Amino acid sequence: MNELKLNNKRTILVGLAFLSISAFWQMYDNLVPLILRETFHMDESLTGMIMAADNILALFLLPLFGGLSDRCGLGKLGRRTPFILAGTAGTVVLMNLLPVLDNSYYAAAAPFKLASFVIVLGLLLISMGTYRSPAVALMPDVTPKPLRSKGNAIINLMGAVGGVIYLGVSVILYPAEKTRGLEHVNYQPLFLIVAGIMAVSVMVLLLTIREPKLALENQALEKKHPEWNLAKDDGSGSEVLPGPVKRSLIFLLASIALWYAGYNGVTTWFSTYVAEVMGEGIGGTNTCLMVATVGAIVSYIPIGMAASKFGRKRTIQAGVILLAACFLAGFLLTVRASTITPVMYVAFALVGLAWAAINVNSLPMVVEMCRGSDVGRFTGYYYTASMTAQVITPVLAGTLMKHISYQVLFPYAAFFVAMSFVTMLFVRHGDSRAQAKTGLDAFEDMDD
């Protein structure tokens, strides 16, 4: 009997949407706090509040547009692709206005320029929010449930590639010796490069992926395997989760919120932390982040395989333990050294491994609990949990850093990650299932 196999080539192409999204958010989290602090002279609490704005909007936009894409018919472009195209187009235009306003304000500060920056930033976040859930839901739409951890490993690998491209370019363009001592840094080249990455990625996806055909084929396959579905149809076409499954979903969403509270606290504030504690510029910061991303890249495929063998839950729990330990190590290393050391690169590589173990498996566990027609809505639940944490953590971490010490950042992150291990103990559903063995090789060979 033949084993159900993942179409790796197609999954890579689907992952181009996530590559573009990840490149954007890597740049956004990296540069916007620096611009707010260095150009507009905002303190940590106000910067944290603005950095939380995207997550506040996401609380409403991601479930909304995930659900809207679920209800769209499979037209010529499919359910998800129109959202991806429109959102990317709006984002590419708006994001390139930010460095223009940043440079203009530095040259001649004026209140209307600050207001314009904030307004454009808000519109940009809305544009991103319209298509993130549809873009992420595209992979489950065209991938059978038993293969979604492996599929999500490739999707996250593509996202990591987008982040590495951005970080690599930023390290080359803005080494520490080039930016040290400058009153203002012009980041417009980075914005233009990321915009180009996004536009090219989405155009390749549009030209190579026939979403309606692939989604229909996957729906037909899943109808042959009702045992894959944990949710039950109540007769009206609505989603009904059994009580134990619903409890697992709630604890899983709580876990997602907790580990994002820790992880996003570090990613949001790390560039400021390094500048304040170690005196390093964006080049030194991004070298650490690039090491973490490379660590994730080399881990994604092995992690997907490990999840298939040991289960998603156990793989996540191992990642949680490692991530908390790495954040504690980060604290010990930064209180003992005033500059970035080789040992810190090792710690960040392990952060990448740990985050891969968590991230590859968490979304598949969520969408495992729904029917195929509700993937967008359950993807929205996943992002509601993660964004709730990311609304709170930039403000909370920034406030603690301001009133206690910058060195509180890593213990703060380790605490929230450790708490997610406790909540994961109560998750009983959504783990990997045995793969079907009945001549499904044909799915591997479906036309791209």
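By buried I mean under 20% relative accessible area, by exposed over 50%, and by partly exposed anything in between, using a 1.4 Å probe and protein chains only. What I am showing is a predicted model, in which local features need pLDDT of at least 70 and side-chain atom pairs count only at pLDDT 80 or more, while totals for chains, interfaces and linings use all residues. Residues are numbered from 1 along each chain as its sequence is written, and side-chain values use heavy atoms, with hydrogens and water left out.

Let me begin with charge. The structure holds three salt bridges, each a side-chain nitrogen of Lys or Arg within 4 Å of a carboxyl oxygen of Asp or Glu. One of them pairs E38 with R37, and the closest N and O atoms are 3.7 Å apart. R37 counts as partly exposed because its relative accessibility is 23%, and E38 is likewise partly exposed, with a relative accessible area of 34%.

The other setting is D141. Here R79 forms a salt bridge with D141, the closest N and O atoms lying 3.3 Å apart. This pair links distant parts of the chain, with D141 in helix 8 (residues 132-141) and R79 in the loop between helix 4 and helix 5, 62 residues apart; helices here are DSSP runs of H or I, at least four residues, numbered from the N terminus. D141 is buried because its relative accessible area is 5%, and R79 is buried because its value is 7%.

R80 also bridges to D141, and in that case the closest N and O atoms are 2.5 Å apart. R80 lies in the loop between helix 4 and helix 5, and 61 residues separate it from D141 in helix 8, so this pair too links distant parts of the chain. Both R80 and D141 are buried. Through shared partners, the salt bridges join R79, R80 and D141 into one network.

Turning to the rings, how many aromatic pairs does the rule give? The count comes to 13, where rings of Phe, Tyr and Trp (its six-membered ring) pair if their centres lie within 6.5 Å, and planes under 30 degrees apart count as stacked, over 60 as edge-to-face, and the rest as tilted. F40 and Y105 make a tilted pair, at 4.5 Å centre to centre with 50° between the planes. They come from distant parts of the chain, F40 from the loop between helix 2 (16-38) and helix 3 (44-51) and Y105 from helix 6 (residues 97-107), 65 residues apart. F40 is buried at 7% relative accessibility, and Y105 is buried at 14%.

F327 and F410 are tilted as well, because their planes stand at 40°, with ring centres 6.2 Å apart. F24, W25 and Y28, for their part, form one aromatic cluster.

Finally, helix 4 covers residues 53-71 and has 19 residues. Where does helix 4 kink? A kink of about 40° lies at L59, shortly before the proline P63, the bend being the angle between axes fitted to the seven residues ending there and the seven starting there. Among the buried residues of helix 4 are D54, N55, A58, L61, L62 and F65, together with G66, G67, S69 and D70.

Key: Helices (H or I, at least four residues) and strands (E, at least two) are DSSP runs, numbered from the N terminus. The expected span of a helix is 1.5 Å times one less than its number of residues.
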